[in-house]
Structures are given as C-alpha cells and as structure tokens.
Amino acid sequence: LKSGFWNLELQKVMKHNRREFLVKSSCALSMAALASQAQHFGMMSALAHGADKSARSDAAAPTDYRALVCIFLDGGNDSNNMIVPKHSDANISNYAAYTAVRGPAGLALSQAQLLGINVPRLGNLQYGLHWNMGTMVGRTDIPDGNGSLGGVRNAGIHDLWAAGKLAVVTNVGTLVRPMLRAEYQNNSVTKPYQLYSHSDQQFQMQSSQSASRSYTGWGGRIADFRNAPDNPGALVPMITSITGAQLFTNGQSTRGLAINDAGTALNNIFVLNGYGNDATSIARRTALNEIRALETGTGTPEMIKAASTITEQANQASLAFAVQNEVTVAFPNTDIGRQLKQVARVIKKRTDLNVKRQIFFCRIGGYDTHSGQVPTVTNGQNGLLLRLSQAMRAFYDEMTAQSIQNGVTMFTLSDFGRTFDPAIATDGNGVGSDHAWGSHMLVVGGAVNGGNFYGSLRKDGTGNYFPTLVEGGPDDTDGGGSPRGRWIPTTSVEQYASVLARWYGVTDANELNQVFPNLGNFSAVQSQLGFLPTT
Amino acid sequence: LKQTGTKNKNKQGAKTILTRLCLKEEGMEKRRKNGLKRLIGQYFSVCLTMFLLSISALAESTDPILISEAKSVRALAVDANKWDGKLPTENTEAFYPGDDSRVVIFVTNVNFIDGEGADSLRVHAEDRTGKIYRLAVEDVRPLDDRYWVHGVTVRLYDENGLNGQPGADGDVLLRLTWRGMTSNRVTFGLGTADGGMKGDKRAVPTPAPDAPPATADFAYNTDGDRLRFMQQAAFGPSAALELRLRRIGAERWINEQFSKQPTFPYPNIPLKADNPDDVTNGCPPSAGNPNPDYARDLCRRTHYSQYEMQRWMFREALYGEDQLRRRVSWALHQIWVTGGNAFENGQARWHLEYVKILDRHAFGNYRQLMSEMTFNSYMGNYLDMVRSTRRNPNENYPREILQLFSIGLDELNTNGTPKLSNGSRIPTYDQNKIVEFTKVFTGWQRCESGPPACPNDIPNGSNYIDPMILNVGVGTPSVSNPGNHDISAKSLFNYPGAPNPTIPACTNCTDGPTGAQDVIDIRNYANDSINKTLDNIYNHPNTAPFVSKLLIQHLVTSDPSPAYVARVANVFNANRTSPTQMQAVIKAILLDVEARGSRKTAPDYGKLREPFQLATNFLRQFKVRASGSITVNNVVQNPPAACQNRSDGFINPQTSTLSQNVWNPPSVFNYFSPEYVIPGTDIVGPEFNIMHAGTAFRRINFINTMVYGQINFDFVSGTNNPNPNAPCGTSIDLTEVQNLAAADPTGMQMIEWLNREMLGGQMSAAFKQRVRTAVEAIPVAQANSARDRARQAVYLVATSSQYQVQR
C-alpha cells in the first residue's frame with residue numbers, strides 16, 4: 001500500500017463510521033469482498049455514480065466482461081492517407097485516382113509501400129494501410145531510439161486484418177439525416193451544426209447529435225442506462241476517461257471517472273498529500289472524511305453536495321485503485337501508449353473493481369495537419385499513425401495476454417476527415433490537408449468481424465462503400481471552380497456508435513432509441529454495418 | 001401582478017433593515033450612540049443611493065414559508081382551475097402531473113419588489129428516488145383575504161425536463177426558492193397522496209398565519225453578506241478590503257472602484273518576430289552560444305509564453321487595488337474568449353493588447369467593447385477573421401460573435417428564458433444568416449504597412465497589436481474583381497425596430513475615376529458596414545439578457561432566477577447608449593436582492609469557485625506573501641529583499657493542475673461551458689465542467705501545499721539560474737488564526753473565526769464539532785500546538801465542499 005495512512009488505519013482503533021470501515025476493509029478484505037460490502041451498505045450507486053437512471057432491474061447482471069475503448073483522434077484525421085486504394089481496378093477509385101490528386105504536391109503515399117489489405121466486400125480488391133501501421137521488424141528506417149516507438153517494436157495492427165480482428169468503417173461522420181451532394185449544395189437537407197468547426201464537430205462525434213449542441217455524450221448515455229443493471233456493486237463508475245472530463249463521458253446522471261495515463265501508477269492517482277502516521281494526521285483525515293459525509297448527506301444544499309459527491313468519487317477511486325495492477329505486455333512510452341496501458345491496467349483489475357461493463361475514453365492530439373503532414377517517416381501524420389498502430393497493437397496483445405480480447409473492442413473517432421485536395425502550405429512547413437467531413441474509422445478487437453470494410457451506400461443506393469476519390473465527384477460537398485474533396489459521410493456517427501452499443505449490451509429498442517434519439521433518421525439507408533455481433 | 005397591498009409595509013421593513021445594515025457598515029462605535037435624528041441623517045448620506053437602487057428589497061426577514069395543512073406537513077394546494085383567490089378551506093388531495101396540470105400552492109413571508117413576480121420563484125419537487133424536477137411557475141398573487149399570503153400557480157411539469165417528467169407515483173416534497181433562499185419542504189401527492197415520502201427532519205406544520213408575520217425582529221448578519229460581496233466583486237476578502245467596505249459600504253466602494261486603474265503596470269513586452277530564431281527581432285542565441293543560454297531563454301519566456309501575463313494577473317488579483325475592474329475583466333475574458341497559447345510561438349504581447357481592451361471596456365459600454373474586440377487583430381487571428389476574404393470567407397468570427405459574445409442561439413425573453421413557439425425554441429439565425437453576416441467581416445487583415453499607419457508594426461513580426469484594417473487587395477477594384485471585401489448586399493437581423501436590417505451593396509465602390517478612389521470607397525463602405533452590423537447585433541432583444549446572465553453567472557450565481565436576469569437586462573437596455581453602461585450593469589448585478597442578503601439557503605444558489613478564484617480567495621484570506629525561508633545546501637536562504645515580502649504571482653502551475661491554465665482556455669468555449677449541467681442534477685454549474693475526481697483531490701492538495709508548505713522561491717546563486725520562474729515564491733500567514741488557537745484550548749474561538757471569515761457563518765454545529773475534535777487531537781502542551789491547531793482547522797475548513805462553493 002502506498003499511503004502510510006491506510007496502514008495505520010488498520011492498527012489504530014478509532015470511532016467507526018462507514019467510511020472508516022471501508023478504509024479498513026480495503027486493506028483487510030479482497031476488493032471483491034469490499035465490493036459486496038459496499039453493495040450491502042448501498043453506497044456505491046449513490047456515492048460513486050450520482051442518482052442512477054436505472055431502467056430495468058429485472059434483468060440479471062451479465063456474466064461476461066465487455067469494454068469499449070474509444071480513441072479520439074483530435075484535430076481531424078486525414079484518413080485519405082490511412083486507407084488508400086492499392087488496386088488499379090478501373091471501375092472504382094484506384095491508386096491512380098489517389099495519386100493524381102495527391103501526388104503532385106507530395107502528399108501521396110507510395111503504392112509499393114502501402115500495406116495491402118484485401119477487401120471481400122469490394123470483390124477482394126486490394127487497399128492499403130498507411131505504411132507505418134505494420135510491423136517494425138526490419139524497418140531500418142525507424143531506429144530503436146526513435147521517439148515514435150517509445151522503446152517498443154511490435155507488429156502494429158496490419159496483420160490483425162488478415163487475422164480478422166481489424167475492421168474499417170468507411171466514410172463515417174456527423175449527419176442529421178442522410179444527404180446527397182445535390183442536397184448539400186441546395187441546402188434541402190439540414191447540415192450538421194457548425195460543419196468544419198473543430199469544437200462543434202468534436203462535440204457532435206462525442207454526443208452523436210449533429211443538429212445542435214448537446215450536453216450529454218453517447219458513452220455517458222449508455223452508462224445512464226446500463227450502469228445499474230450491468231455493474232451492481234461496482235467500485236468505479238462505468239466510464240473512465242484517461243484524458244479529463246469529456247463530453248463523451250457525461251450522461252444525465254453519469255459522471256465519468258477521470259484518471260491519469262500510465263505515467264502515474266493506479267495507486268498514485270488519487271492521493272491526498274500531507275498525511276503521515278501521526279495522531280494529528282489521523283485526526284485530520286478522520287475529520288476530512290466525516291465532514292465530507294456530512295456534506296454528501298441529506299439537507300446539504302445541492303450545489304455543495306455536488307462538489308462533495310465528486311470528491312467522494314475520488315475517495316472511492318482511491319480505495320478501488322489502492323493497489324497497482326501491472327500489465328505484462330510492453331507498451332510504447334508514447335502519449336497514446338501510456339493512455340492505452342492505463343486502460344489495460346484498469347481492465348486487469350476488473351474483478352476487484354466488480355465491473356462487468358466498462359467504457360474508456362482516450363484522446364490523442366496532433367491530427368490537425370494543415371501543413372507538415374508527411375515531412376519525415378516518423379513526423380506529421382506519419383508519426384501519429386505509427387504511434388497509434390503500435391499502441392493499439394500492444395493493447396490488443398495485452399488483452400490477449402489477459403484472455404479478455406473477445407470482450408474488449410477498441411475504436412476510433414475523430415473530428416472529421418480532411419480535404420482530398422492537398423493544402424499547399426505557405427509557411428514552409430510542407431504539404432498538408434484542410435478540414436473536411438467524412439473519414440474512415442478503425443475497429444479492433446477479438447469480437448470484431450474483421451478483415452473487411454463496413455459502411456453504408458449513399459442515400460440513393462449508389463456508391464461502393466468507399467468514397468469516390470474525385471474532387472467535385474458524387475461524394476464531394478464542394479462545387480464551383482475548385483472543389484477540394486470533402487466527403488459527405490455515408491454512415492453517421494450515430495449508426496456507427498449504435499453498432500458498438502448493441503454489442504456492448506444496449507439491446508433493448510427503447511434504450512437504444514433514448515441513447516441514440518436520431519437513429520430513426522437513418523433507418524431507410526441500406527446499411528452494411530455488422531462489424532460486431534449484435535449480442 | 002399587483003403588489004399594492006404589501007408595498008408600504010415592505011418599504012418600512014426595508015428601512016428598518018437598511019438602517020441596521022448601514023449602521024453596521026459604518027462600523028463606528030461612537031456613532032451608534034447618537035440619537036435617532038443622527039441615524040437618519042447617516043442613513044441618507046451613506047445609503048441614499050443604495051436605497052434608490054431597489055435595495056428596499058433587502059427586507060429579507062427570513063426564508064419563504066410554504067403553507068401546509070394545520071396538522072401535517074402536507075401542502076395546502078388547490079387545482080388552479082378551481083381556485084377562488086382565497087385560501088382553500090379543505091385539505092389537499094393528490095394531483096395528476098402533466099404539462100397542462102396546474103395547481104396553486106401557498107407561500108408566506110415573501111415581500112416582492114415592483115416587477116418581481118412568478119419568474120423570481122422556483123419550485124422543485126423531489127421524488128422518492130431522489131430525482132428532482134423543476135416545476136414551471138406561472139403566476140403569483142396575494143390572496144384576496146390575506147395579502148401576506150401568496151398563491152403560486154405551478155405547472156406539474158418539469159420546465160427543462162433534464163430528469164424526465166414526474167410521474168403519478170405518489171408523494172413528493174415541494175420546495176420553493178426565492179432570491180437564493182429556500183422554503184421549508186411540504187409533502188405533495190402526485191397521482192396519490194400515499195404518505196410514501198417522509199417530510200424533512202424537524203419539519204413542522206406551517207398553516208397560513210392569520211396576521212402578517214412580524215418582520216422587524218431579526219438579525220441581519222452583515223458579515224456573511226460582506227464576505228459574499230468580496231468574492232463576487234473582488235478576488236476574495238482581505239483585511240484592507242473588509243475595512244474599506246465597513247467604512248463606506250458596498251455602493252460607495254463600487255463607485256470608488258470605477259476610477260481605479262491597474263495597480264501593477266502591464267508587463268512591458270515589446271512585439272517580436274514571428275520566428276523566435278529571427279536574428280533581428282526574435283530571441284536568437286546569445287553571442288558565443290553559451291549552454292544553457294540564459295539570455296535567450298529569458299527572452300523566450302518573456303515574449304513567447306504567457307508567463308509574464310499570468311504572473312501579472314495573479315499579482316493584480318492578490319494585491320491590486322482595482323479589484324472590481326479585474327474581476328469584471330476576467331469575466332469578460334471568459335465571454336470574449338481567446339487563448340494565449342493557441343498558436344505556436346504565440347506572443348504575450350499579442351494577448352496583452354486583448355487584455356487591455358477587456359480592461360478598457362469593463363466599466364464602459366458593451367457596444368464599444370464589441371467594436372474594439374471585432375477589430376482586434378489577435379481576436380481576428382484566433383477566430384480567423386484575418387484570413388476571411390470574399391473568395392475564401394471564413395464563418396468563424398461571425399458565428400462566435402453571435403453565438404457566444406452577444407445573442408446566443410435561441411431567441412430569449414428579457415428575463416433570459418427561451419421564447420417558445422409550439423413548445424420549441426426559436427433559433428436566432430440559420431446558416432443563411434451566417435453567410436450574410438460573414439460577408440461583412442471579409443477583407444480585414446493585420447495592419448502591416450509600417451508606421452505611422454501601423455505604429456506597432458515591426459519587420460518579420462505579425463502585428464497583432466494595432467487594429468485590423470481593410471486590405472482591398474487589388475489596386476484597381478472592378479465589378480468583376482472588387483477585391484477581398486464582399487461589397488454585395490447583406491441581409492441582417494430584422495427584429496422589430498432593428499437598425500440596418502439590410503446593408504445595400506456598395507454602389508460607388510467600383511465606379512471611381514481612379515483605382516485609388518475606389519479603394520477608399522471600399523474601405524469606407526466596409527467600415528460603415530461593420531458599424532451598422534454591430535449596431536444590428538447589439539440592439540437585438542437577446543443581447544441584454546444574454547450578456548447580463550453570463551455576467552451574473554461569472555460574478556454571483558450559476559443559475560440566476562429569470563427575475564434577476566430581467567432586472568439586470570433592463571438596466572443594460574436603459575443604459576444602451578451610455579458610455580458607462582457597464583457601471584450601471586455591474587451595480588445592478590452586485591446590489592441586486594438576489595446577490596445581497598445575510599445568508600443564502602437555496603440548494604442551487606452560488607457557484608463553484610473556479611480554480612483561479614479558489615486560489616486567490618484563499619491566499620488573500622490569509623495575507624498572501626512571499627515564500628518563507630528555504631534551506632539550500634544546509635544554508636537558510638530568504639527571498640530577495642526586492643520581493644518586499646510579496647508573492648511573485650507564479651501560481652498558474654497550481655491552477656493549471658486544477659484545469660484552469662490562466663489565459664489559456666482550451667477553446668473559444670472557455671475553460672468551462674456556461675450551460676454545463678451538473679450530472680445527476682438539474683442545476684446549471686459551469687465551473688463543475690472542470691471539476692472531476694482528479695481535480696477534486698488536487699484542490700485539496702493545493703490547500704495542503706499552502707497550509708503545510710509553500711510555493712518555494714527559486715534560490716539564485718552566482719550565475720546559476722539567473723531567471724528563476726519563482727523569484728519570490730508564495731506563502732500564507734496564519735498568525736491571526738494561530739493567536740486564536742493559543743487563546744482557547746477548545747479551539748472554538750478559532751473555529752468561529754474561520755466560520756465567519758471563510759464560510760459566512762454557515763458552518764453547521766456538526767461541522768464545527770468535527771473540526772474541534774481534530775483540533776483537540778493536538779495536545780495544547782505539544783510543541784507548536786497553536787500553529788498545528790491553526791493549520792488543522794484551516795485545512796479542514798478550506799477543503800470542505802462548503803468552501804468550494806461561493807455563496
């Protein structure tokens with residue numbers, strides 16, 4: 001145990017109250033036993049999670065463990081350079097179409113280097129992952145000491161495609177309702193609120209609501225419904241953010257737990273400084289806890305109670321995370337590597353935490369590549385995708401080491417995609433791309449029906465489950481003299497999220513409609529979104 | 001709503017109270033002994049203006065009282081359709097919830113001021129699962145037969161529906177709040193009066209009184225009010241501020257503040273080149289390139305970071321005499337948001353110009369602020385106006401000036417509540433309108449033609465100091481190429497009485513005899529268009545309630561009653577053309593009945609202290625000073641004499657860990673959203689947006705750092721570390737508390753002092769007992785017991801959730 005205070009609590013006989021009991025219990029009992037004690041006292045749902053918006057208490061808690069791990073690519077990922085046609089089939093946008101637009105400015109990836117993935121849905125045509133998303137074995141151009149590797153070389157996510165554990169959901173984005181190019185241009189269909197604005201598009205990807213600002217995230221709304229039935233007696237909230245309080249994690253009653261990345265051990269995250277083993281410290285800590293108990297009690301004004309409830313959440317988390325759980329797989333020491341490593345540590349504690357369903361939120365910046373997108377092998381987006389792939393692979397391998405890979409699904413979100421047309425930088429930083437709309441998402445996990453593209457056709461039934469790589473073409477919003485290739489999404493974030501949510505356990509139609517109130521707008525769209533089983 | 005029956009009595013009550021208040025504010029013992037005549041004289045001299053500003057309503061006697069049955073705590077209520085204007089004689093029954101179901105409940109002990117009606121009241125219902133619903137209050141009127149009791153018409157329907165709608169599930173508890181004070185709670189049957197919900201502990205029946213409740217005999221605790229005021233109008237209490245307020249009262253203090261300028265000069269940070277390596281105007285390596293290169297590093301810290309701006313801001317807040325300007329300017333920063341670190345190599349000088357604008361207009365006119373901020377080139381950079389041209393129009397600034405800086409997304413009533421059409425909100429604008437407004441803001445760019453036109457322009461540096469100017473972009477504008485500014489017609493807002501609902505296309509912009517003439521015509525047209533457009537926005541009916549509510553949220557309370565918003569918005573509108581409009585608005589906010597009063601008991605009153613407030617309030621409370629001595633290599637060292645024992649203001653690293661990096665909000669949506677609803681409640685609590693489990697413990701650890709330690713100064717020896725980030729450090733002085741601890745072995749003197757000075761006298765007996773137990777755990781005979789007892793008590797009070805909330 002980290003804090004001497006907890007140890008001392010065991011030795012000293014003090015006035016009993018429920019919190020002290022918990023404190024002692026955390027040392028004396030296993031965490032699972034603690035959970036049942038906590039449940040017995042009826043504390044957890046009230047204290048750690050706010051008032052529950054419990055829906056159905058009749059269904060039994062699930063027996064298996066499942067987790068959703070969201071990786072938010074902050075700034076708008078240029079997925080046009082993450083998934084690229086490698087084939088030369090003339091009936092569908094091919095590598096020539098890609099390089100015709102992106103080649104002259106130096107933004108195109110080399111055809112030979114693309115890591116091939118065959119796509120059954122598109123007649124087994126070959127596409128390619130960005131060449132940094134594969135194995136690091138033999139990559140002499142990236143030496144061991146390169147910061148992007150964070151001290152680890154692994155296989156990346158490329159070979160998970162062939163293994164059927166990596167799927168690509170194409171051209172996903174914010175949508176109020178399905179839209180064709182003509183409808184975009186004549187304003188006959190409502191567009192997402194503040195299209196192309198970072199903050200608004202991030203909010204919408206996290207809330208899944210595109211018509212206006214929303215104050216709850218879709219992760220939070222799932223937890224509003226599922227926490228009580230799925231995680232009775234849990235020691236932590238259903239949602240954990242590794243990157244602060246985020247819209248995605250807020251529901252009407254849900255407040256996600258925010259923790260540091262793996263740079264801080266689990267048992268060092270929630271630590272109150274300044275407590276020793278002396279009587280003065282003990283008296284102070286006792287009073288601190290008792291005052292908080294007063295302030296979470298009935299009769300406390302709500303505004304004060306809210307502050308107290310959050311502090312109590314930290315206190316509960318300090319008990320839940322009192323012992324570090326280390327992972328066995330080596331994670332790269334990069335920003336995203338540390339975030340996913342921390343997620344893996346928490347998942348490893350799932351039994352102690354008494355949770356059956358968890359949602360995690362990670363966020364990694366730098367994707368707003370107006371310029372400097374491809375300056376060197378490990379800089380710009382090249383480096384971002386390298387670090388993403390390496391970290392995702394380490395995480396997948398760790399889940400496999402924990403034998404839980406079939407219960408954990410990792411997926412990406414991003415503000416938006418970027419213009420197919422290169423942005424010619426005037427600041428000397430090299431070529432990049434500008435804000436656009438639809439982009440491709442990655443889904444990785446043991447349960448994923450991988451090795452394929454998923455997505456929807458256009459509203460009118462045309463299309464190929466992949467945007468037509470032509471500026472001013474049928475998927476481009478832009479008209480006029482210099483269209484830049486901003487793909488109108490064919491799958492809405494709400495559709496994408498709903499598949500993840502169904503697999504997670506939001507199976508009740510009523511719940512699904514409340515979590516995704518706009519989903520009905522897309523029912524008419526032909527959809528090939530079975531990238532996860534529905535149960 | 002007629003209040004004639006109660007008016008006279010109100011004023012008398014107010015006068016009594018006000019006399020007491022002002023006496024206390026005078027704080028001079030000898031005057032207290034004078035006769036009545038003298039008292040009245042003082043009352044008029046000191047408090048006349050306060051009185052005229054509707055402070056009459058300070059006649060808050062006690063909390064409002066909801067009327068129950070004679071022998072139970074069940075609400076007396078009647079179906080609104082069946083109400084005859086009198087107190088019902090029969091006992092209540094159950095009522096069915098629904099959006100068209102209305103009941104009348106009854107309240108006494110409320111005295112309304114003119115214009116104060118249903119929108120000053122909130123009624124909440126808590127069901128047995130703990131869910132709380134905010135029921136729509138539609139009307140309030142005095143009873144025909146007893147003017148001291150009011151009937152309140154309530155719709156059994158949650159007006160914002162955050163927790164869904166109440167069901168016909170049996171008893172709920174009703175609470176009424178008014179001016180930040182709560183009533184007792186009474187039981188109320190929804191669907192059935194099933195007795196399933198116990199009343200509050202110690203609740204007693206509150207039948208309607210047969211005579212007006214006495215109002216004269218209550219103690220007005222000015223300490224609590226003054227403490228709250230020092231947090232609303234300043235960065236928390238200090239001994240000097242408290243003394244001044246006791247001496248001259250709130251209103252005169254506010255007037256005095258209007259003429260104060262920053263105590264600490266703005267940091268002297270000349271503009272530098274965009275590239276820090278620039279040999280002439282950047283911070284290039286020093287000659288000989290020593291390693292580490294202290295001169296270069298100092299230059300970069302000063303110019304290419306917010307370090308000096310942050311320290312200046314903290315020092316102003318901690319020690320400045322211009323507390324009110326700083327407080328309002330800080331609030332305006334969080335409305336007109338820019339981020340100092342938004343750009344790579346962003347310069348402090350860029351941001352400084354923006355801060356000066358906030359300061360300049362904090363006590364000025366909002367329209368002038370809109371104008372100067374619109375032309376500010378740093379704002380232009382932050383929200384892309386500097387790169388918006390006719391051919392590549394950028395919607396960012398036009399969008400945000402409407403959405404965040406002036407009118408908001410939905411049409412509002414004067415009291416700030418959304419107007420509804422068939423139950424739905426009415427958007428203030430659509431995308432087409434954005435396109436129209438965007439045209440006006442095209443063609444402006446940084447002023448970079450060198451002095452004298454652009455006095456602050458330097459080679460290789462972006463001039464984010466001088467206002468933007470229109471860059472027509474072509475020497476000889478023509479109809480086919482009029483340049484960067486869009487000279488076509490614009491269709492702006494067309495509300496009743498709107499100035500400039502349209503701006504016609506420029507007719508003389510491209511027909512001049514020479515190109516130069518056309519360029520001047522286009523510039524004139526563009527300038528005129530922006531002025532017309534800002535008038536069109538400023539005079540929108542939304543602006544007053546939208547801005548007023550934001551300012552109230554930043555200064556006083558997160559979820560003000562609509563009546564409060566309306567009172568301030570009316571002042572905003574009445575002073576629309578006044579060069580000191582903001583002074584009237586600030587007075588209206590700070591002297592309002594919902595801001596003042598001895599204590600506030602409503603569950604949703606107040607605001608979580610944002611990290612900056614938490615840090616500055618706490619530090620000021622305990623005489624913030626430079627750090628104490630530190631030991632370096634076994635030698636005791638003290639901060640340099642130049643520090644004059646004052647903090648250096650290097651405190652941003654602390655607030656940053658609490659998610660408030662001063663001057664660097666993560667986006668134009670500020671450090672936190674003004675609309676953030678605390679999860680699990682129906683309470684708007686913007687600052688809760690950045691409070692989570694992680695920051696909750698870090699708040700406590702900040703208090704620990706200051707109570708049990710300090711922010712050390714960086715010791716400088718020889719040539720080592722010549723540019724310390726913390727030249728003086730920061731610590732607090734607990735001597736006063738320590739003396740109280742030494743004087744009283746029970747600790748109660750000290751605890752009562754902390755209760756009064758930190759919590760406005762609102763500490764419960766149980767809370768005091770917990771602190772006392774912890775204090776008494778330190779034996780009096782123990783070494784340093786007074787110091788340790790003082791620390792123990794201060795830590796526990798400052799880390800309490802009660803202290804986290806300003807109220």
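C643(B) sits in the loop between strand 18 (635–637) and helix 19 (652–657) of chain B, and C728(B) in the loop between helix 20 (693–708) and helix 21 (735–743), so the pair ties together parts 85 residues apart in sequence. The S to S distance is 2.0 Å. Both C643(B) and C728(B) are buried. I note that the model is predicted.

I then searched the whole structure and found four disulfides over all chains. One of them joins C283(B) to C299(B), S to S 1.9 Å. Its torsion is about -65°, so I logged the disulfide as left-handed. C283(B) lies in the loop between helix 5 (239–257) and helix 6 (294–303) of chain B, while C299(B) lies in helix 6, 16 residues apart.

I also checked C506(B) and C509(B), whose sulfur atoms are 1.9 Å apart in a disulfide. The torsion here is about 90°, so this disulfide is right-handed. C506(B) has a relative accessible area of 12% and is buried; C509(B), at 0%, is buried too.

Last, I looked at I537(B), in helix 14 (residues 515–538) of chain B. With a relative accessible area of 0%, I537(B) is buried. Leaving aside neighbours within four places in sequence, I listed its contacts, among them M370(B), I401(B), F437(B) and T543(B). From I537(B) to A574(B) I noted 17 Å, C-alpha to C-alpha, at 37 residues apart in sequence.

Technical notes: Residues numbered from 1 in each chain as written. Chains lettered and ligands numbered in written order. Predicted model: local features only at pLDDT ≥ 70, side-chain atom pairs only at ≥ 80, totals over all residues. Heavy atoms only, no water. Helix = DSSP H or I, 4+ residues; strand = E, 2+ residues; numbered from the N terminus. Buried < 20%, exposed > 50% of the residue type's maximum accessible area, 1.4 Å probe, protein only. Contact = heavy atoms within 4.5 Å. Disulfide = S-S within 2.5 Å.
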